[in-house]
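Colleague: I have the sequence and the coordinates open side by side. Can we go through them together, one residue to begin with and then the whole chain?

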Amino acid sequence: WMQLGIAVVPVLAAVLAVYSGLGLNGFFLSQAAVWAAIGCLAFYAARRGPEPLEIRPNWHSAELAQTLGYARWAFLLQVCFTLQSYGDRFLAAPMGSAALNVYGIGTSLTLQVVAALGLVSTLVVPAISKVHAEHGLERAGRAHGLALRATFWVGAAFFVPLAAGGPSLLGYWVDPAFETSAQAWYMWVCVGSFWAALAGSVHGTLL
């Protein structure tokens, strides 16, 4: 439920800010307020959970070394994913603000779908763990494969229409000039985002 809230509530807050006439400042302030509330609720949930979070850590050198050994690679993976997702915008910046706006808004739309598909692996991990504990590794492997296939078909259901109609959507949603600008490249952005979503699902489910 927390993951679903993180995915949905900030978007709803942004829509509410826009349609309330609060302008750009209101848009950003609503996002900041929502993320602050999510952080407070996450901290509360961690403190009230079955294994309450202890803010003052007890340092166990062996456990810390083992944890950091894993965290180092997980952190490196996240840095690479961030560069892959947003680094191209910095490379596109010299082309001018108009071109960057078209590209930034178009790719942001596909990245929102990638983030939504990431919820699939997040939500099925507890189910796969339960299957593993109750029925063994073979059944867990089949559940893992089912999760990956579900991610593929759900992703295709989103990305195929987006690849076909994305430029028209951008033209209707933002500016008619966006449709013409995005025609040549938007399909390839959708293809790349689709494979990024599948790679993220594999990583999340295996994790």
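Colleague: Is Thr 107 buried or exposed?
Modeller: This is a predicted model, and in it Thr 107 counts as buried because its relative accessibility is 5%, where the cut-off for buried is under 20%.

Colleague: Which helix is Thr 107 found in?
Modeller: Thr 107 is found in helix α4, which covers residues 97-135.

Colleague: And what does the side chain of Thr 107 reach?
Modeller: The side chain of Thr 107 reaches the backbone oxygen of Tyr 103, at 2.8 Å. If its neighbours within four places in sequence are left aside, Thr 107 is in contact with Arg 89 and Val 189.

Colleague: Switching to the whole chain, how many helices and strands are there?
Modeller: The protein chain has seven helices and zero strands, so that the pattern read along the sequence is α-α-α-α-α-α-α, with helices and strands taken as DSSP runs.

Colleague: What share of the residues counts as buried?
Modeller: Of the 207 residues in the protein chain, 26% count as buried, and the accessible surface comes to about 14,300 Å², with 71% of that belonging to carbon and sulfur atoms.

Colleague: What about contacts between residues 24 or more positions apart?
Modeller: Taking the contacts in the protein chain with a separation of 6 or more, 63% are between residues 24 or more positions apart.

Colleague: Last one, how many positive and negative side chains are there?
Modeller: The protein chain has 9 positive and 8 negative side chains, and the centres of the two sets lie 8 Å apart.

Definitions and conventions: Residues numbered from 1 in each chain as written. Predicted model: local features only at pLDDT ≥ 70, side-chain atom pairs only at ≥ 80, totals over all residues. Heavy atoms only, no water. Helix = DSSP H or I, 4+ residues; strand = E, 2+ residues; numbered from the N terminus. Buried < 20%, exposed > 50% of the residue type's maximum accessible area, 1.4 Å probe, protein only. Contact = heavy atoms within 4.5 Å. Areas by Shrake-Rupley, 256 points an atom, 1.4 Å probe, with all protein chains shown as cover. Lys, Arg positive; Asp, Glu negative; His and termini not counted. Charge placed at Lys NZ, Arg CZ, Asp CG, Glu CD. Polar contact = N/O pair within 3.5 Å; in protein donor to acceptor, adjacent residues only side chain to side chain.
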